[in-house]
Amino acid sequence: MIDYVILGIVLNDPMTGYDITKYIEISIGNFFKASHGRLYPALKKLTDKGFLTMQEQPQGGRMKKYYKATEGGKAYFLEWLASPTDFRSNSDSLMVKIFFYGELPDDIRSQRLSECALYVQQSLLKLREIEEQFANSIESDRDYFEIATLYYGIQNGLNSLRWLSHIKDKKSFADFLRE
């Protein structure tokens, strides 16, 4: 995942490794972490593969390395971004993809968001089936808290559907918070 994140960040503007790390912290840092120990080897690997260019520039008495995606790197990144998502993988990777969806054409972005909504709807159906089986069988604290996690999943699914519908239509975020 780190490779795609790096390529997405330096798709259009060159950045140093430090700049990339800071950008990750302030943008996707609430669902994706990139330590220096992961970032710098990935920068080297992507450069070696020809997906990044590296240019050294003097700054403040030091030479700084600036990285930018090559045409091959852009193509590699956009192919991944446009590809269908494996929803069984963790939700953080989905959020990383959605973060970069502004790079996709409207039709592909809409299709991917619809696929995500369909997956959430199917998951909600399964959770509702489980709810029908167990929701009325609370006999202990253990049962209660086990069922509480079921309702957490249902609520998250409902919120996800609402959010996905909202971003698919590119509605105002102020409106989303008022709904």
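Modeller: Let us start with Lys-170, which has a relative accessible area of 59%. Please keep in mind that this is a predicted model.

Colleague: What makes the phi of Lys-170 worth a remark?

Modeller: Lys-170 is not a glycine, yet its phi is positive, about 50°. Most residues other than glycine have a negative phi.

Colleague: How do you know that H6 and H7 are roughly antiparallel?

Modeller: Helix H6 (residues 106-134) and helix H7 (residues 141-168) pack at an angle of about 155°. Angles over 145 degrees count as roughly antiparallel, therefore H6 and H7 get that name. Their axes are 9 Å apart, and the crossing is left-handed.

Colleague: What makes Glu-115 and Arg-112 a salt bridge?

Modeller: The cut-off is within 4 Å, from a side-chain nitrogen of Lys or Arg to a carboxyl oxygen of Asp or Glu. For Glu-115 and Arg-112 the N to O value is 2.7 Å, and the pair meets in a salt bridge. Both residues lie in helix H6, 3 residues apart.

Colleague: Is Arg-112 called buried or exposed, and why?

Modeller: Buried means under 20%; Arg-112 is at 10%, so Arg-112 counts as buried.

Note on methods: Residues are numbered from 1 along each chain as its sequence is written. This is a predicted model: local features need pLDDT of at least 70, side-chain atom pairs count only at pLDDT 80 or more; totals for chains, interfaces and linings use all residues. Side-chain values use heavy atoms; hydrogens and water are left out. Axes are lines fitted to C-alpha atoms, for helices over the stretch in contact, and angles run from 0 to 180 degrees between N-to-C directions. Helices (H or I, at least four residues) and strands (E, at least two) are DSSP runs, numbered from the N terminus. Angles under 35 degrees count as roughly parallel, over 145 as roughly antiparallel, 65 to 115 as roughly perpendicular and the rest as oblique. A crossing is left-handed if the near helix is turned anticlockwise from the far one by less than a right angle, and right-handed if clockwise. Buried means under 20% relative accessible area, exposed over 50%, partly exposed in between (1.4 Å probe, protein chains only).
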